[in-house]
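Please read it alongside the model.

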Amino acid sequence: MNLETFIKQYRPQLEKYIVDVLKAKQHQMPLPLYADAVGCILDCINGGKMWRGLLVMLGAQMHGKAITPDVFAAAAAMEILHTSLLIHDDFMDNDFKRRGKDSVFYHYIKQGKKLNAQNSTLYGQALGVCVGDIAFFLAAQIAAEQIEDPVVLREMIKYASREMQFVGAAQMTDVHHGAINLEPDLTTILQVYSYKTAYYSFSLPLSLGALLAGETAIEPLYVLGHDLGIIFQLKDDELGMWGETAEIGKEVGSDIRENKKTWLRHYLFMKATPAEKKKLEKLFGNTAITHEDVQYVRSVLEKYAICELIQPEIDTRVASIKKYLAEFDMQKKDTSLLTEFIDFNLNRKK
């Protein structure tokens, strides 16, 4: 089975599993806003790529475990956990859209206006945060109910809880950097990438799958997932600047508006002339930038070949990943689907 076949087979099954389990939970308490909250969570999940859930399945598969109900439960929990973060992120970044639909907090702002709430903005923000919280604990409940081995469940909770704490601190750091006139160095930016994206989005799901398969030596998988996650984030930064909104699922130029302290931005300001830097400083953090402004930033990035400066970091991590894949192959672990996923990540357009 190749990766395309794997996705076509298991992604719809995972989505159906999530829909079924959340609909079953939707009326587990009488307050109408609870059912509404679970409906919002479902709406956020539907149509997503579900890479994190699929990586749980890949982690189990490469260690010889069939895709059984407990794997589906862990994959579903991973996706719902991810959704809880997206709901909170949209509020913190003031993003009104998610995958072309109203973000959760904005949905409630609009609802608050219809209901003549005294402060519809605060109403929407407060309810949006609550929905994100509900999603977090729904994920924990599903895992606790469906994963029967207490040792495996304990290990999964241990790793997931640690990563979620680190994601929170990395998000705080990211918001902090974007809000103040502070230029972090490359090491600090890499730390944010590591704890906000790499460990949680790649190392954690792969490791959860391996734990379900009975594997306890997950450190190599954690390192591989981290390298893969850094590549993913660097690629995401690039797509956020040059991709198409319809493909990448967020507005092109949002990193400029939010003044995200990325590696691209770091090298851009390092290479720009004083005149270029003065203009760039007016654009980064400006929520009213235009298409022409985005084009200007792109032109300066291209002028100094900034992406080429980042390529050695990607190449180093690709070499590290290949080393670990070779070690897994020597242990007779099935790495074929993971290898395809890595190749896809290197060449993705969205």
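At what angle do α4 and α8 pack, and how far apart are their axes?

1. This is a predicted model, in which local features need pLDDT of at least 70, side-chain atom pairs count only at pLDDT 80 or more, and totals for chains, interfaces and linings use all residues. Residues are numbered from 1 along each chain as its sequence is written, and side-chain values use heavy atoms, with hydrogens and water left out.

2. The angle between α4 and α8 is about 160 degrees, and their axes are 10 Å apart. Axes here are lines fitted to C-alpha atoms, for helices over the stretch in contact, with angles running from 0 to 180 degrees between N-to-C directions. The two helices are therefore roughly antiparallel to each other (angles over 145 degrees count as such). Their crossing is right-handed, the near helix being turned clockwise from the far one by less than a right angle.

3. On the α4 side, the contact (heavy atoms within 4.5 Å) is made by D70, V71, A74, M78, H82 and L85. On the α8 side, Y200, L204, P205, L208 and L212 take part. By class, this contact has nine nonpolar, one polar and one charged residues; Ala, Val, Leu, Ile, Met, Phe, Trp, Tyr, Cys and Pro count as nonpolar, Asp, Glu, Lys and Arg as charged, and the others, Gly among them, as polar.

4. The second largest pocket holds about 320 Å³ of space. On a 1 Å grid over the protein atoms alone, a pocket is an open set of points with protein on both sides within 12 Å along at least five of seven lines, whereas a cavity is a set where a 1.4 Å probe fits but cannot get out; lining residues have an atom within 4 Å of a point. Of the 18 residues that line this pocket, L81, A140, A143, I157 and A160 lie nearest its centre. Two or more lining residues come from each of α4 (69-93), α6 (120-146), α7 (150-179) and α8 (186-212). With six residues, α7 gives the most. The lining has 17 nonpolar, one polar and no charged residues.

5. The structure also holds three cavities of 30 Å³ or more. In the largest cavity there is about 60 Å³ of space, and its lining includes D237, M241, D255, K260 and R265. Here α12 (263-271) supplies the largest share of the lining, three residues. By class, the lining of the largest cavity has five nonpolar, one polar and four charged residues.

Methods:
Points joined across faces, edges and corners; volume = space filled by probe spheres on them. Helix = DSSP H or I, 4+ residues; strand = E, 2+ residues; numbered from the N terminus. Parallel < 35°, antiparallel > 145°, perpendicular 65-115°, else oblique.
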